[in-house]
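Reader: I have a new model open and would like to talk it through before I set anything up. Could you take me through it piece by piece?

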Amino acid sequence: MSGQMENGQMKVDQEKNTPKADDRTMPDLRTTIAGVEFKNPVMTASGTFGSGMEYGEFVDLNLLGAVVTKGVANVPWPGNPTPRVAEVYGGMLNAIGLQNPGIDVFMERDIPFLKQYDTKIIVNVCGKSVQDYIDVVERLGDEKAVALLEINVSCPNVKEGAIAFGQKADALYNITSELKKHAKQPIMMKLSPNVTDITEMARAAEAAGADALSLINTITGMKIDIHRRKFAIANKTGGMSGPAIKPIAIRMVYQVAQAVKLPILGMGGIATAEDAIEFFLAGASAISVGAMNFVNPYATVEILDGIRDYMIHYNVRSLAELIGAVQ
Amino acid sequence: MKQKVMAKVISQKEIAPSIFDMWLETDLAKEAKPGQFIGVFPKDKSTLLPRPISICEIREDRSALRIVYRIAGKGTGEFSTWCAGDEVFILGTLGNGYDLSTAAGKKVLLMGGGIGVPPMLELARELALQNTGATESDKCVIQSTMGYRDAQTFLKEDMEKYSTLYIASEDGSVGTKGNVMDAIRENSITADVIYACGPMPMLRAIKAYAAELGIPAYISLEEHMACGVGACLGCVVKTKNVDHHSHVNNARICTDGPVFEAGEVEI
């Protein structure tokens, strides 16, 4: 964190004239989404963190509010041809195509792995048809360790399903209401930014009974290698993520927060604690760190520390005071 | 354990046009193995991702790693401007590396093409080191064939220290005119096991050659990467068998590789 905040922490301590360990100086980082309480608002963005196994080597998973897993379907998906990733100015494009081992392996391997940690599990669910989603949601229904389901209706990189449900309000309404009939956990619809009016989508999800929203997924982009005169990504288009998309994400989180009453998991280009705080002020109840994990494998815990420092500096007792507090 | 750490540039020089030779001071050297790579981070914040660069030499005693890379774009362009004393961030050590035990008692052939030459140097050096303590029957015969575009035969002298070297150049200015396969034919080189790194057409030819002879070939693959640690699933290669991560015949080059037995991968 910046020296400013370190100074701030000292100032707070002096003002209160109490030792740092005093509980009154420690802000309350707890947050609630759809009735599920998280010990802090820092989570991982689906697809950037696997099921935590790889980055568990860098960060203590116990410190995270939740791990949001890579999308899982009813059967294994092989994903797209390579190249699947390309760097762009201030960000990257990806078209992985939701490669995943399917729900069977996921239940046998990934869930038991995550259960070892004191963090909440949010499973990202993907499918090509409504029935695919239902199959996965039902399989997860009896797994009490799964706190929340994030429904991926916004991946721009798969040809059928997924995004088709996330770009038309009536289709989003239908899949949301259908999944509500089958899901035992609360469902959080992950919205696509690749729409004309994201509030229309948010309202459709809310009307259909969604418990929460997460946004934004990646923004469809393209890169051309001028030397080879070829697309940089085999899929031609890819989803853009990284710090360059943050202003778009902030704008959309704000618009959605104004349009609906549902809690929001905000994401899109978060690189620092300051970025995370912008999302809270715009209306997010929690945030996910995505592409920045690739740049700084310690980003999640550093952001968490920075949020705490900010709250101490500005004497914010509870995270709830920040949510939607922009004036 | 994989880490992102600060490293200090010890030295850097251009050893051929657009080919740079940099030594980095880092404790990652203690865990590094031949065939592994590191992610090197540009400082320019518009370029975010670590650049995967193969390890060319390891000096545990000096806590130093040597990388030899070609300027391929903005990131590596920035690396080439770094000077002794500069502090830089690296991620490592990454990938599986070559398994030296597969060389024991064998007549081995190291094959490098272009910017695939550098990782062959540490492999040759460690095989030679392995020979010094080994019984006669476990000693390996180290031969190498390196392919270049022209007379810019970077790392030639280093390779000659540890192996019997045969050179091929595309323009015929040094050694065999043609590629590493031409060098094998011209010099009637035989081997029990091949270790290779280079462009995909070369690796395909080696895979076919090794299959024909019925010998193992351990090839190091390259692909565009994002995380470098196995999380993003960006850098996959089709495999003959079901992979252990996604169960879809897609291995992750960054973690399951970059070294694969040629018969295992569909390239």
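Author: Let me begin with a term: two residues are in contact if their C-beta atoms, placed from the backbone, lie within 7 Å. Please also keep in mind throughout that this is a predicted model.

Reader: Fine, with that in hand, how many residues of chain B are in contact with chain A?

Author: On the chain B side there are 24 residues in contact, and they meet 32 residues of chain A. The chain B residues on that side divide into 12 nonpolar, nine polar and three charged.

Reader: What does the secondary structure of chain B come to, and what does its radius of gyration agree with?

Author: Chain B has five helices and 16 strands. Its radius of gyration is 18 Å, which agrees with the value near 18 Å that a compact globule of 267 residues would have. Along the principal axes, the C-alpha trace of chain B spans about 50 × 45 × 40 Å, and buried residues make up 54% of the chain.

Reader: Which domains is chain B divided into?

Author: The division gives domain 1 (3-94), domain 2 (100-220) and domain 3 (222-260). Between domain 2 of chain B and domain 3 of chain B, the C-alpha centres lie 25 Å apart.

Reader: I am also looking at the open sheet in chain B; what is the order of its strands?

Author: Seven strands of chain B form that open sheet, in the order β11-β10-β9-β8-β12-β13-β16, and the pairing is mixed. The edges are β11 (176-177) and β16 (259-261) of chain B, each of which pairs on one side only. Inside the order, strand β8 (residues 107-113) of chain B and strand β12 (residues 193-197) of chain B pair in the parallel sense over five bridges, with Gly112(B) standing opposite Cys197(B).

Reader: Staying in that sheet, where is Tyr166(B) placed, and why does Tyr166(B) count as buried or exposed?

Author: Tyr166(B) sits in strand β10 (residues 164-169) of chain B. Tyr166(B) counts as buried because it has 20 C-beta neighbours inside 10 Å, and 20 or more is what the cut-off for buried asks for. Leaving aside neighbours within four places in sequence, Tyr166(B) is in contact with Thr145(B), Gly175(B), Ala183(B), Asn187(B) and Ile189(B). The C-alpha atoms of Tyr166(B) and Ser144(B) are separated by 6.1 Å, although the two residues are 22 apart along the chain.

Reader: And strand β4 of chain B, which residues point one way and which the other?

Author: Arg51(B) and Ile53(B) point one way from strand β4 (residues 51-54) of chain B, Pro52(B) and Ser54(B) point the other way, and all are buried. In a regular strand the side chains alternate between the two faces of the sheet. Strand β3 (residues 37-40) of chain B runs antiparallel to β4(B) and is joined to it by four bridges, and Gly39(B) stands opposite Pro52(B).

Reader: Let's switch to chain A; how many helices and strands are there?

Author: Chain A has 10 helices and 16 strands. Its radius of gyration is 19 Å, close to the 20 Å that the globule rule gives for 327 residues, so chain A is as compact as a globular protein of that length. Buried residues make up 57% of chain A, and residues 24 or more positions apart account for 73% of its contacts with a separation of 6 or more.

Reader: Which residues have the most contacts inside the largest nonpolar core?

Author: Those are Leu213(A) and Val253(A), in a core of 196 residues. Apart from neighbours within four places in sequence, the contacts of Leu213(A) include Met188(A), Ala202(A), Ala205(A) and Val256(A).

Methods. Residues numbered from 1 in each chain as written. Chains lettered and ligands numbered in written order. Predicted model: local features only at pLDDT ≥ 70, side-chain atom pairs only at ≥ 80, totals over all residues. Nonpolar A, V, L, I, M, F, W, Y, C, P; charged D, E, K, R; others polar. Helix = DSSP H or I, 4+ residues; strand = E, 2+ residues; numbered from the N terminus. Rg over C-alpha atoms; globule rule 2.2 N^0.38 Å. Buried ≥ 20, exposed ≤ 12 C-beta atoms within 10 Å, placed from the backbone. Domains from an automatic or database assignment. Core = buried A, V, L, I, M, F, W, Y, C linked by C-beta atoms within 7 Å. Pairing = 2+ DSSP bridges.
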